[in-house]
Amino acid sequence: MSTHNVWTHKGTFLLAAIGSAVGLGNLWRFPYLTGENGGGAFILVYALTIFAVGIPILIAETMLGRASRRSPIMGMRFLTRTHGTYRAWESIGWLGAASAFLILSFYSVIAGWAIHYTWQMLTGTLVGADAEAIGAGFDALLASPGLLTFYHSLFIIASGLIVGMGIHKGIENGLRILMPALFAILLVVLFYGIANGDFAAAAGFLFTFNLGDLSLEGWLQAMGQSFFTLSLGMGAIMAYGAYMPSDASLSRTAFAVAVIDTAVATVAGLAIFSLVFGAGLDAAAGPGLMFVTLPLAFAEMPFGGLVGGVFFILVLGAAISSSISLIEPVAAFLVERFDLTRPQAVFAMVLASWALGLLTVVSFNTWAEGSLFHTLFGRSAFDFIELLTNIFMPLGGLLIALFAGWALTYSEVMKEMRTSETWFQVWRFLVRFVAPAAVAFVFLRSIPQVEGYLLPTVGALIIVGAFAVGRTYPGKGRQER
Ligand code: PHE
């Protein structure tokens, strides 16, 4: 069954894809990972992957969605049947659904923190507070499973309500208000950072490249982050692409998404590190960078409470425009496959992800260091889930690149791309060789660093993928390559 749904305007896919891409990944994760990994070196790997690997895969993923006009799981099933390829390629859809659950589960918990801080900022609770008080406040939030669950529930319910209203009334209308407001707020925060912080130090930190600074796990994190920030390899872009009008340009749109997403991350990084360095604070604070270091910077600055409050509203808005794109692929699948109504499908997806999110909640308190989970897996459940997504997303992207580059024929793809021959050749070369090689390189480079038991798992997944490529059998008239 096809969904027959198409975005109202030609530009809506762009809006939706940017809404999905710009999120906690840009505002929270990018700055803290950069801070932990020593600045420029991390950004170099991140930027290279975005442009050499991310954009080609973004084009491929959108194309698969638009060509199938179905949710990722049903869409991949449809494409493997109609193009006579090996059925193992359907794993792309399932891997994506698994990633969506995993990501939404922790995404919603972290976004919940932003609800807490919006409230604290706007009520002026943190104005003038010192490092100790702000640190203690964050620790107290993390120590309370009840409070974390409350915020996590609020956020996921709000996201579910938007998706439940449908792609036109809910997603499109929501984004049309949200996105322009977000860009305006981001600029306010940037100017505030320039006026009150140390912009030169921030720029120096972000743009001084020294690859030697990057640890082995840093390579994996940088690549994982470039997939994460573009929402790649897990079906979000495929699901949105399914609603894209046939006459919109795939490559131009993908390029715009990547450039804007990178620009937002850079601006957020500049603004946040200006404030952090201006207040003489530490860049390597980890996930707490936005929630401890930044509030501290705001606490000491003029109108800090107000600007801080507005900043956390930006974080929340960006997070919600991303979380809806995590719900959509799975919800659309449940509607297509089991004939559920949209609200029922959204409810099922959100409930399951909410429950999984409780693992992230307890990672910060009852199951923190020393618990059984820690002993078994060597890290908290939250870190474990994040690590899995760092692997699943590039892996999904790799499979998408291989499918679009090798399993589909030249003319099948050209028909969808409708672009100049030269650019088409460049793109095809990138998805066939460059993207797979880059992902494999980073995996091989960093994975020995990661816990031993993961290696067999990932190895097995890669072998399954390779097997799928090998078994792609020619259907009728598929001699051409
Ligand atoms: N791209 C989003 C961000 O940067 C996260 C995301 C990942 C959203 C995957 C959808 C799918 O915050």
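**Ligand site and helix packing**

In this predicted model, 16 residues surround the ligand. The closest are Ala21, Gly25, Tyr107, Phe228 and Ser231. An oxygen atom of the ligand lies 2.9 Å from a polar backbone atom of Ala21. A nitrogen atom of the ligand is placed 2.8 Å from a polar backbone atom of Phe228. For Thr229, a backbone N or O atom is 3.2 Å from a ligand nitrogen atom. On its own, the ligand has 320 Å² of accessible area, and the protein covers 100% of it.

Helix α9 spans residues 199–207. Its buried residues are Ala202, Phe205 and Leu206. Viewed down the axis of α9, these residues fall within an arc of 90°, so they line one face of the helix. An α-helix has 3.6 residues a turn, so residues three or four places apart point the same way.

Helix α8 covers residues 167–196 and contains Tyr192. Tyr192 has a relative accessible area of 9%. This value is under 20%, so Tyr192 counts as buried. Beyond its neighbours within four places in sequence, Tyr192 is in contact with Gly197, Leu275, Phe298, Met301, Pro302, Phe303, Gly304 and Val307.

Definitions and conventions. Residues are numbered from 1 along each chain as its sequence is written. This is a predicted model: local features need pLDDT of at least 70, side-chain atom pairs count only at pLDDT 80 or more; totals for chains, interfaces and linings use all residues. Side-chain values use heavy atoms; hydrogens and water are left out. Buried means under 20% relative accessible area, exposed over 50%, partly exposed in between (1.4 Å probe, protein chains only). Helices (H or I, at least four residues) and strands (E, at least two) are DSSP runs, numbered from the N terminus. The arc is that of the directions from the helix axis to the C-beta atoms. A residue is near a molecule or strand if one of its heavy atoms lies within 4 Å of it. A polar contact is a pair of N or O atoms within 3.5 Å; within protein, one must be able to donate a hydrogen and the other to accept it, and residues adjacent in sequence count only if both atoms are side-chain atoms. Accessible areas come from the Shrake-Rupley method with a 1.4 Å probe; for residues, only the protein chains shown count as cover. Contact means heavy atoms within 4.5 Å.
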